[in-house]
Amino acid sequence: IVYQDDSGPHTFLMTKDEIVIGREAPDVWVDLRLETSLDVSREHARLQRTPEGKFRVKDLSKLGTTVNGVPLPRSLECSDVHRA
């Protein structure tokens, strides 16, 4: 996963089939921790790799999640997310 947060560009190697992505917070465990504003929730999204090699994203946030600039449906899983 290639992403950028307030500390610059990063690459995260997804070695598990499911990870949780969230904001820097000492009291919450996430796999991919972002250093960013309060717009990102402490537990923001769940990314899952299916046995078929596709990815699904579930929005866990209060303010919404976007993938490649496209908002995900609220409280629904978005399947067949393409790699950027």
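Mentor: A salt bridge is a side-chain nitrogen of Lys or Arg within 4 Å of a carboxyl oxygen of Asp or Glu. The model is predicted, so local features need pLDDT of at least 70 and side-chain atom pairs pLDDT 80 or more, while totals for chains, interfaces and linings use all residues. Residues are numbered from 1 along each chain as its sequence is written, and side-chain values use heavy atoms, without hydrogens and water.

Trainee: Why is the contact of Lys16 and Asp31 called a salt bridge?

Mentor: The N to O distance between these side chains is 2.7 Å; because the limit is 4 Å, the pair qualifies. Lys16 lies in the loop between strand E2 (8-11) and strand E3 (18-23), and Asp31 in the loop between E3 and strand E4 (32-34), so the pair ties together parts that are 15 residues apart in sequence. Strands are DSSP runs of at least two residues, numbered from the N terminus.

Trainee: What makes Lys16 and Asp31 partly exposed?

Mentor: Buried means under 20% relative accessible area, exposed over 50%, and partly exposed in between, with a 1.4 Å probe and protein chains only. Lys16 has 39% and Asp31 22%, so both fall in the intermediate class.

Trainee: How do you know that Arg42 and Asp27 form a salt bridge?

Mentor: Their closest N and O atoms are 2.8 Å apart, which is within the limit and therefore meets the criterion. Arg42 lies in the loop between E4 and E5 and Asp27 in the loop between E3 and E4, so this pair also joins parts 15 residues apart in sequence. Asp27 counts as exposed at 57%, whereas Arg42 is partly exposed at 37%.

Trainee: What is the N to O distance in the salt bridge of Arg46 and Glu18?

Mentor: It is 3.2 Å. The pair links Arg46 in strand E5 (residues 45-49) with Glu18 in strand E3, 28 residues apart. The whole structure holds four salt bridges.

Trainee: Why is Arg23 not counted in a salt bridge?

Mentor: Arg23, in strand E3, is buried, and the nearest side chain of opposite charge, Asp27, is 7.2 Å away. Lys and Arg count as positive and Asp and Glu as negative, with His and the chain ends not counted.

Trainee: Which backbone oxygen does the side chain of Arg23 reach?

Mentor: That of Val40, at 2.6 Å. Arg23 also touches (heavy atoms within 4.5 Å) residues including Arg33, Leu38 and Arg42.

Notes:
Helix = DSSP H or I, 4+ residues; strand = E, 2+ residues; numbered from the N terminus. Polar contact = N/O pair within 3.5 Å; in protein donor to acceptor, adjacent residues only side chain to side chain. Lists of a residue's contacts leave out its neighbours within four places in sequence.
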